[in-house]
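Open the model in your viewer and keep the selection tool ready. This tour moves from stop to stop, saying what to select and what is there.

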Amino acid sequence: MDGQRKHPIWAKLVGYAAFCLVILILPLFITDDYLLNKFARYLVFGLVAMALSISWGYAGILNLGQAVSFGLGSYCMAMALKLRTIPIQTGAEGLPDFMVWNNVKSLPWFWEPFHSYGFAIAAGVLVPTILALLIGTFVFRARVTGVYVSIITLALLVVINLVVIDRQRLTGGFNGLTDLAPLELFGLTFDPYAHATYYLIAVSLGAALFLGLAVVHSKTGLIMQAIRDDENRVRYFGYDVAAYQTFALCLSAAVAGFAGMLYTLVMAFASPTFLAVPVSLSIVIWSAVGGRASLLGSAMGAIIVTGVQGSLSDTPAFLETWTLIMGALFIVVVLFLPRGLISLVDRIPLGGSARRRAAAATVAASRSGINAG
Amino acid sequence: MPANAVGATGGTILELRDITVEFSGFVAIAGLTLDVHEGELRCLIGPNGAGKTTALDVICGKVKPASGKVVLGGREITRLEEHQIARHGVGRKFQVPSVFRDLTVRQNMEVALCRAPGVLGNLFRFGNSGASEQLEKLAELVGLEEAMDVAAGALSHGQTQWLEIALLLAQDARLILMDEPTAGMTAHETAKTAELFNRLKGRHTLIVVEHDMGFIKEISDIISVMHQGRLLAEGTVREIETNAEVRAAYLGSGGISGA
């Protein structure tokens, strides 16, 4: 497997473009708005799994706190929408209903700026990014690596989850933020069942995939992969390893935060369950099944797993066994396709690979001696 | 910059002054002072535990000395971080060959070619750096020109050693530290490595830690012998072979030739 080469960049671009085309024309074949809403959710999961692929698959940072970014993004959007709810669900002076029930007299200071959509959308991306910047700076400057990074990010997730649940007066606690107004932007209304919402999500996923592809094929992306392979070797070539790791974590957090905002649109509420351990672990499973070292693989992994999950749990015959089936599927993929489902695509022979096979054969033949001169 | 000081050895490029390194009570280096000249190939030998690898670790910043200072080209680098020292022109080859196994040979070299180390600047650099020709030449130098698009993990042990050497050349460091570069190589490969090192002399300054005396005789100008964390002797192969103190240090192992 070691010598296996990935396809050239043009083949990748074709694959990514085909995927984008499929998700963009999908609504033409779906008349059921409920079903379209489901697909929109799957695409959001695809986006957050793709975000994990940047940090985990490319830079080797297994961030078990990915749900922190996702959840914070979701809450930022929900706060803006909550402040726009029609008066009947809002207390005196535009105070959100749950605050009225909790005897809050005036809007807390950090809620104020969320009257502005611009601020809320920027915050949905920047809050997770700044948090990642802080965590990354401390963790990576201290040369924390591997499983310890995962433990720290997991602990952070648990802490933030507890704080959100505990501060009910400010956050809505267990109930989260419900009864949200739909997002109205550029004359469009993004309610959960609208085509506009689906297209917004599909276009976001497509754009994120291509931007992500540009990043991982840049020199920065190459150095991220080198760090994944051998951190010290990179350091002694003169690169500031911690800066690259922090960058990967921040980029991943920014995309995950954006995905969280879209998730609020498609669900019409935000809940502490978005910001919890099961979500984080699911993201890891999606990315692993699809192929963590591939952006498209991770995204498709999320779509396939959640799609199969959704249809199995909706089918009466599998009502009691679907978790078992999902578990078995996960084990089979991890055992037999350690690089995920996308590695099946990598095995499709293309024109250029014959030359590479020949090169690999030459190397194998000359393993015993170097013919330098 | 580097590569232009062809010919005879120039001024002092590296000075180690009274370096002391302790690992929780164990003194690995005890007052080491060493000068290396520009363009020279210096061999560093000594019995096991003499502190050779630790000396290289101090120079490249992996280990911070308890006292003493390291001066590179007139600038003190003792307290700098590893990547800063690397940017000052120090390259390091490790005892266990370390390359990026999941990347191709070409990608390995692109990483080593560290012209601009910044994260954001490198976001806008794509594909080959325009140095393909230079990289192909380096690959040819170490016999990997046919393997440019092969994953480094698929190379043999000897080829991996050669790849790491090529990476250091791509990095184009002024001072290259080699820790047992011929470890695990066949006799044929070792001979080729000696030939390569002789070609590098003058263009780069090299410090080579080695045990293989045959190899050292092939490549060295001046040998520095370390013993118990100190510099014991310095001189040509002949001088070192006849040095009484060196013989005593290697007592029981038949002098340096039997080490």
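**First stop: a sheet in chain B**

Select strand E1 (residues 12–23) and strand E4 (residues 67–72) of chain B: they run antiparallel and are joined by 5 bridges. Strands, of at least two residues (E), and helices, of at least four (H or I), are DSSP runs numbered from the N terminus. Two strands pair if DSSP finds at least two bridges between them. Now pick Leu14(B); opposite, in E4(B), stands Leu72(B).

This is a predicted model, in which local features need pLDDT of at least 70, side-chain atom pairs count only at pLDDT 80 or more, and totals for chains, interfaces and linings use all residues. Residues are numbered from 1 along each chain as its sequence is written, chains are lettered from A and ligands numbered from 1 in the order in which they are written, and side-chain values use heavy atoms, with hydrogens and water left out.

The order is E2-E1-E4-E5 in chain B, an open sheet of 4 strands with antiparallel pairing. At its edges are strand E2 (26–37) and strand E5 (75–76) of chain B, each pairing on one side only.

**Ile19(B)**

Stay in strand E1 of chain B and select Ile19(B). Is Ile19(B) buried or exposed? Ile19(B) is buried, at 1% relative accessible area. (Buried means under 20% relative accessible area, exposed over 50%, partly exposed in between, with a 1.4 Å probe and protein chains only.) Leaving aside neighbours within four places in sequence, the contacts of Ile19(B) include Ile29(B), Leu32(B), Val58(B), Pro65(B) and Val70(B). Contact means heavy atoms within 4.5 Å.

**The other sheet in chain B**

Select E6-E7-E8-E3-E9-E10 of chain B. In that order, these 6 strands form an open sheet with mixed pairing. Strand E6 (90–93) and strand E10 (230–235) of chain B have a single partner strand each, so one side of each is left without a neighbour in the sheet. From one strand to the next, the twist averages 20 degrees.

Zoom in on strand E3 (residues 41–45) and strand E9 (residues 222–227) of chain B, which pair in the parallel sense over 4 bridges. Which residue in E9(B) is the bridge partner of Arg42(B)? Look for Ile222(B).

Next, bring back helix H1 (residues 52–60) of chain B. H1(B) lies across E3, E6, E7, E8 and E9 of chain B, at about 150 degrees to E7(B). Then show helix H6 (residues 157–171) of chain B, which lies across E6 and E7 of chain B. H6(B) runs at about 175 degrees to E6(B).

**Chain A and its rings**

Move to chain A. It has 16 helices and 2 strands. Of its 373 residues, 52% are buried.

Over all chains, the structure holds 15 aromatic pairs. Select Phe39(A) and Tyr42(A): this pair is edge-to-face, at 5.9 Å centre to centre and 85 degrees between the planes. (Rings of Phe, Tyr and Trp, its six-membered ring, pair if their centres lie within 6.5 Å; planes under 30 degrees apart count as stacked, over 60 as edge-to-face and the rest as tilted.) Phe39(A) and Tyr42(A) are separated by about one helical turn, because they lie 3 residues apart in helix H2 (residues 33–58) of chain A. Phe39(A) is partly exposed at 27%, and Tyr42(A) is buried at 6% relative accessibility.

Now select the aromatic cluster formed by Phe45(A), Phe70(A), Tyr263(A), Phe269(A), Phe274(A) and Trp286(A). Then find Arg84(A), whose charged end sits over the ring of Tyr117(A), 3.8 Å from its centre. (That requires NZ of Lys or CZ of Arg within 6 Å of the ring centre and within 35 degrees of the ring normal.)

**Last stop: the cores**

Select Leu209(A), Met109(B) and Phe197(B). Of the 165 residues in the largest nonpolar core, these touch the most other members. (A nonpolar core is a set of buried Ala, Val, Leu, Ile, Met, Phe, Trp, Tyr and Cys residues joined through side-chain atoms within 4.5 Å.) Helix H11 (residues 241–267) of chain A gives the largest share of this core, 16 residues. Finish with a second, separate core of 30 residues, which includes Tyr236(A), Val58(B), Leu72(B) and Val209(B).

Conventions: Axes fitted to C-alpha atoms, helices over the stretch in contact; angles between N-to-C directions.
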